[in-house]
Amino acid sequence: MATTIANLTTKADGSMEGVFATLRVNAPITLIPNTNKSREDAPDYRIVNKRTGFEIGAGWNRISQRSGEEYLSVKIEAPEIGVIFGNLAPAPGGDESKKVILWNNPQ
């Protein structure tokens, strides 16, 4: 079962802002498009903690092997949580500007 770990709102410039929340963390974050990629495998987005300004993760555009649809795969990392991998998905309710990051427990 997938767990929502962030609620985001898409901005006009393509960035997304919201809150990353777990039992230990409650942090305002921004996903910023990486328009100056230096390599093909560089992240498509940088994830920044808005309170500290520190980069805490990244996101890569991927294509689903099953459906052929594009999605954003994210990696968030901090000492208090370790490494979390998730995927960006539309938020419930049908508002195109609202997104969530979903985490699936790998166990």
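## A partly exposed glutamate

Glu-17 is partly exposed, its relative accessible area being 29%, where buried means under 20%, exposed means over 50% and partly exposed lies in between, for a 1.4 Å probe and protein chains only. The model is a predicted one, in which local features need pLDDT of at least 70 and side-chain atom pairs count only at pLDDT 80 or more, whereas totals for chains, interfaces and linings use all residues. Residues are numbered from 1 along each chain as its sequence is written, and side-chain values use heavy atoms, with hydrogens and water left out.

## The barrel

Eight strands form a closed barrel in the order β1-β2-β3-β4-β5-β6-β7-β8, and their pairing is antiparallel; from one strand to the next the twist averages 30°. Strands are DSSP runs of E with at least two residues, numbered from the N terminus, and two of them pair if DSSP finds at least two bridges between them. The angles, which run from 0 to 180 degrees, are taken between N-to-C directions of axes, and these axes are lines fitted to C-alpha atoms.

Strand β2, residues 16-21, runs antiparallel to strand β3, residues 26-33, and six bridges join the two. Within this pairing, Phe-20 has Ala-27 of β3 as its bridge partner.

## Salt bridges

Side chains of opposite charge can pair when their charged atoms come close. The structure holds five salt bridges, each defined as a side-chain nitrogen of Lys or Arg within 4 Å of a carboxyl oxygen of Asp or Glu. One of them joins the side chains of Glu-17 and Lys-50, at 3.4 Å from N to O. Because Glu-17 lies in strand β2 and Lys-50 in the loop between β4 and β5 (55-63), this pair ties together parts that are 33 residues apart in sequence. Lys-50 is partly exposed, at 44% relative accessibility.

Asp-44 forms a salt bridge with Lys-37, and their closest N and O atoms are 2.8 Å apart; here Asp-44 is buried, with a relative accessible area of 16%, while Lys-37 is partly exposed at 30% relative accessibility. Arg-46 forms a salt bridge with Glu-55, with the closest N and O atoms 3.2 Å apart. Arg-46 is partly exposed, with a relative accessible area of 29%, and Glu-55 is also partly exposed, with a value of 46%.

## An exposed loop residue

Asn-36 is found in the loop between β3 and β4 (45-49) and is exposed, with a relative accessible area of 67%. From C-alpha to C-alpha, Asn-36 and Thr-3 are 32 Å apart in space, and in sequence they are 33 residues apart.

Terms used. Helix = DSSP H or I, 4+ residues; strand = E, 2+ residues; numbered from the N terminus.
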